[in-house]
Amino acid sequence: MPGTQPTGAARLRAEDLTLSYEQRTVVSSLDVEIPDRSFTVIIGPNACGKSTLLKALARMLKPRSGQVYLDGAGIAAYRSREVARRLGLLPQSPTAPGGITVGDLVARGRYPHQGMLKQWSADDETTVLEAMRQTGVLDLADRPVDDLSGGQRQRVWLSMVLAQQTSILLLDEPTTFLDIAHQVEVLDLCADLHARKGHTVVAVLHDLNQACRYATHLIVMRPGGTIAAEGDPATVMTAELVEDVFGLPCRIIDDPETGTPLMVPAAPQRYVPEDLAARSTGPGVSAGSVMAESGRGVG
Ligand SMILES: Nc1ncnc2c1ncn2[C@@H]1O[C@H](COP(=O)(O)OP(=O)(O)O)[C@@H](O)[C@H]1O
Ligand SMILES: [Mg+2]
């Protein structure tokens, strides 16, 4: 196969990757490697290229230059079905065929496993039911996807990707639209797939603290589509990095539950109307005072 890699390289990696939409280049000359069996979390500001990178890793976007390697060979060399058996992608904004029911959409996750000779089996049925059970959408099986709430729909899509039964999962913002209990449920499910089944999970998340809790490998992207830092969240996540990449002054403390880094944004400087300022501090504070030094320091 073309582009054969040395043994020992990660199952999913990209070399010298440049990704563009027409004239706009989003990612240039990026090298990235997803550690096998890791729970890798990608964080970074809006529009820095996280979704673009994930699409390229799943072969949904053809690189302008460079190459993605899957299991030692250039991903472009595989048949589509072969990619879909190894790697599942939950895109950021998937669209369902109009009128499709939840059960039918999740069943589509089995397509890569079907074929001319292999028809729908009891195994497929069990896998689909299990995927719906794991994501809590079994009760919705007969409902049209269009009628669901954003959070329900998100879990249905995740269910479809699980039904695909791939050992690599790429999840673009799998917790968006979910209430906090469902966010934790989905992340626990991902952690379980990683820890118990040895799956490689890559998720784009916005919540830095959830990222630090769940990631075994954290990739921080900065505007311009480069990697600002990567590795163990405990060493990667610093106040300097958050300020640098997100422009947000903060403190990093220990998460009281897990001991992982907990990012606490600095308190904003508040505008205090004159009468309130006078009441709380007495005379000498001018109108429109700003209560400065209110913890804006970066610790
Ligand atoms: N289909 C597209 N066509 C043109 N530009 C796009 C397209 N998708 C994304 N972009 C642009 O590429 C940049 C990176 O987008 P994206 O990868 O979605 O960022 P992120 O996921 O980090 O928020 C943004 O400036 C966005 O506007
Ligand atoms: Mg995105």
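Visitor: Which residue does cysteine 250 stand opposite in S12?
Guide: In this predicted model, cysteine 250 stands opposite proline 265.

Visitor: How many bridges join S11 to S12, and which way do the strands run?
Guide: There are 5 bridges between S11 (residues 250–254) and S12 (residues 261–265). The two strands run antiparallel.

Visitor: What about the hairpin, which residue there takes a positive phi?
Guide: Glycine 259, with phi near 80°. The hairpin of S11 and S12 has 6 residues between the strands.

Visitor: Zooming out. How many helices and strands in the protein?
Guide: The protein has 10 helices and 14 strands. Its C-alpha atoms fill a box of roughly 85 × 45 × 40 Å along the principal axes.

Visitor: What percentage of the residues count as buried?
Guide: 34% of the 299 residues.

Visitor: And the contacts between residues at least 6 apart in sequence, what share join residues at least 24 apart?
Guide: 63% of them.

Visitor: On to ligand 1. Which residues are around it?
Guide: Tyr21, Arg24, Val26, Gly44, Asn46, Ala47, Cys48, Gly49, Lys50, Ser51 and Thr52. Two elements give two or more residues to this shell: strand S2 (24–34) and helix H1 (50–57).

Visitor: Which one gives the largest share?
Guide: H1 does, with 3 residues.

Visitor: How does the shell split by class?
Guide: It has 4 nonpolar, 5 polar and 2 charged residues.

Visitor: S2 came up there. What is the strand order in the open sheet of 4 strands?
Guide: The order is S2-S1-S4-S5, and the pairing is antiparallel. S2 and strand S5 (73–74) each have a single partner strand, so one side of each lacks a neighbour in the sheet.

Visitor: How many bridges between S4 and S5?
Guide: S4 (residues 65–70) pairs with S5 over 2 bridges, in the antiparallel sense. Tyrosine 69 has glycine 74 of S5 as its bridge partner.

Visitor: And H1, which strands of that sheet does it lie across?
Guide: H1 lies across S1 (12–21), S2 and S4. It runs at about 120° to S1.

Visitor: What is the order in the open sheet of 6 strands?
Guide: S6-S7-S8-S3-S9-S10, with mixed pairing. S6 and strand S10 (226–231) stand at the edges. Each has a single partner strand, so one side of each has no neighbour in the sheet. Neighbouring strands here are turned by 15° against each other on average, direction ignored.

Visitor: Which strands of this one does H1 lie across?
Guide: S3 (39–43), S6, S7, S8 (200–204) and S9. H1 runs at about 155° to S7.

Visitor: How do S9 and S10 pair? What is the sense, and how many bridges?
Guide: Antiparallel, over 5 bridges, with S9 covering residues 217–222. Arginine 222 has threonine 226 in S10 as its bridge partner. Helix H9 (residues 239–246) packs on the sheet and touches S9 and S10. Its direction makes about 160° with that of S10.

Visitor: New topic, H5. How many of its residues are buried?
Guide: 12 of its 14 residues, so H5 is mostly covered. Among them are Trp157, Leu158 and Met160, along with Arg153 and Arg155.

Visitor: What covers those buried residues?
Guide: The cover includes strand S6 (87–90), helix H3 (102–107), helix H4 (122–134), strand S7 (168–172) and helix H6 (180–195).

Visitor: What span should H5 have, and how far apart are its end C-alpha atoms?
Guide: At 1.5 Å a residue, H5 (residues 150–163) should span 20 Å. Its end C-alpha atoms are 20 Å apart, which agrees. H5 is followed by glutamine 165, whose phi is positive, near 50°.

Visitor: Last one, arginine 11. Where is its place?
Guide: In the segment before S1.

Visitor: Why does arginine 11 count as partly exposed?
Guide: Because it has 19 C-beta neighbours inside 10 Å, and a buried residue needs 20 or more.

Visitor: What does arginine 11 touch?
Guide: Asp36, Leu70, Asp71, Ile168 and Thr200, not counting residues up to four places away in sequence.

Visitor: How far is arginine 11 from glycine 150?
Guide: The two are 33 Å apart in space, C-alpha to C-alpha. In sequence they are 139 residues apart.

Terms used:
Residues are numbered from 1 along each chain as its sequence is written. Chains are lettered from A and ligands numbered from 1 in the order in which they are written. This is a predicted model: local features need pLDDT of at least 70, side-chain atom pairs count only at pLDDT 80 or more; totals for chains, interfaces and linings use all residues. A residue is near a molecule or strand if its C-beta atom, placed from the backbone, lies within 6 Å of it. Ala, Val, Leu, Ile, Met, Phe, Trp, Tyr, Cys and Pro count as nonpolar, Asp, Glu, Lys and Arg as charged, and the others, Gly among them, as polar. Two strands pair if DSSP finds at least two bridges between them. Two residues are in contact if their C-beta atoms, placed from the backbone, lie within 7 Å. Axes are lines fitted to C-alpha atoms, for helices over the stretch in contact, and angles run from 0 to 180 degrees between N-to-C directions. The expected span of a helix is 1.5 Å times one less than its number of residues.
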